[in-house]
Amino acid sequence: DVGDAIVSLGSRSVPSLVARLESSDKWWIQLETVYLLGLIGPDAKKALPALDKFVSEKHHPLPAKNALVAVAAIRGDLDTLIAKIEEGGGGSNDFAIELLGRRGPQARAAVPALKKFIADHPLSNSRSTATTSIRAITSPSRP
């Protein structure tokens, strides 16, 4: 619930999240912060300098890989998000799948990669996230 509230604040929460990312050396705090910035998406553009710096430094693999996904989501870089799905492993593909679904119909180009992910990973827990993302992307928007 707290994370949802932070994301719902959009750009207003970005300065606090950036400060948290820059001040913590705990990987789980970095991961949560990166995750929230990615969920905020394009409204988190002011976080890009801090995220770019974070990506260029040596950090725990989980927040580092997910920071690349968050940057792609903030920049609206569908190609990188799709490539993360195809790359697989490390948890960042799950994050990319979720973020593509949040883009809705704007992420229509990702549907083939999401369908391939589902077909190629019959035992993955992420299949339901991929299915939900496809539904969000392909469902007609409601007025």
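**View 1. Thr33 in helix H3 of the predicted model.** Thr33 lies in helix H3. With a relative accessible area of 2%, Thr33 is buried, because buried residues are those under 20%. Leaving aside residues up to four places away in sequence, Thr33 touches Leu17, Arg20 and Leu21. Leu17 and Leu21 are also among the buried residues of H2.

**View 2. The packing of H2 against H3.** The axes of H2 and H3 are 9 Å apart, and the two helices pack at an angle of about 155 degrees. H2 is therefore roughly antiparallel to H3, since angles over 145 degrees fall in that class. The crossing in which H2 passes H3 is left-handed. From H2, the residues that meet H3 are Val14, Leu17, Arg20 and Leu21. Their partners in H3 are Ile29, Gln30, Thr33, Val34, Leu36, Leu37 and Ile40.

**View 3. The buried and exposed sides of H2.** Val14, Leu17, Val18 and Leu21 of H2 are buried. These residues lie on the same side of H2 because they cover an arc of only 100 degrees around the axis. An α-helix has 3.6 residues a turn, so residues three or four places apart point the same way. Pro15, Ser16 and Ser23 are exposed on the other side of H2. The cover over the buried residues of H2 includes helix H1 (2–8), H3 and H4.

**View 4. The largest nonpolar core.** This core holds 42 residues. Those that touch the most other members are Leu37, Leu51, Leu81, Leu100 and Leu114. At least two residues of the core come from each of helix H2 (14–23), helix H3 (27–40), helix H4 (48–56), helix H5 (61–75), helix H6 (78–87), helix H7 (92–103), helix H8 (111–120) and helix H9 (127–138). The helix that gives the most to this core is H5, with seven residues. In soluble globular proteins, nonpolar side chains tend to be buried together.

**View 5. The surroundings of Leu81.** Leu81 is one of the residues that touch the most other members of the largest nonpolar core. When residues up to four places away in sequence are not counted, Leu81 touches Val69, Ala72, Ala73, Ala96 and Leu100. Of these partners, Val69 and Ala73 of H5 also take part in the contact with H7, as does Ala96 on the H7 side.

**View 6. The packing of H5 against H7.** The axes of H5 and H7 come within 9 Å and cross at roughly 15 degrees. H5 is therefore roughly parallel to H7, because angles under 35 degrees count as such. H5 passes H7 in a right-handed crossing. On the H5 side, the contact involves Lys65, Asn66, Val69, Ala70 and Ala73. These residues meet Ser92, Phe95, Ala96, Leu99 and Arg103 in H7.

**View 7. The packing of H6 against H8.** Here the helix axes come within 10 Å and cross at roughly 15 degrees. This angle makes H6 roughly parallel to H8. The crossing in which H6 passes H8 is left-handed. Ile82, Ile85 and Glu86 of H6 make the contact with Ala113, Leu114 and Phe117 of H8.

**View 8. The buried and exposed sides of H8.** Val111, Ala113, Leu114, Phe117 and Ile118 are the buried residues of H8. They are placed on the same side of H8 because they cover an arc of only 165 degrees around the axis. On the other side of H8, the exposed residues include Pro112, Lys115 and Ala119. H6, H7 and H9 are among the elements that cover the buried residues of H8.

**View 9. Two leucines in loops, Leu9 and Leu123.** Leu9 is located in the loop between H1 and H2 and is partly exposed, with a relative accessible area of 38%. Leu123 is found in the loop between H8 and H9. Leu123 has a relative accessible area of 81% and is therefore exposed, the cut-off being over 50%. The C-alpha atoms of Leu123 and Glu22 are separated by 37 Å, and the two residues are 101 residues apart along the chain.

Note on methods. Residues numbered from 1 in each chain as written. Predicted model: local features only at pLDDT ≥ 70, side-chain atom pairs only at ≥ 80, totals over all residues. Heavy atoms only, no water. Core = buried A, V, L, I, M, F, W, Y, C linked by side-chain atoms within 4.5 Å. Buried < 20%, exposed > 50% of the residue type's maximum accessible area, 1.4 Å probe, protein only. Helix = DSSP H or I, 4+ residues; strand = E, 2+ residues; numbered from the N terminus. Contact = heavy atoms within 4.5 Å. Arc of directions from axis to C-beta. Axes fitted to C-alpha atoms, helices over the stretch in contact; angles between N-to-C directions. Parallel < 35°, antiparallel > 145°, perpendicular 65-115°, else oblique. Left-handed = near helix turned anticlockwise from the far one by under 90°.
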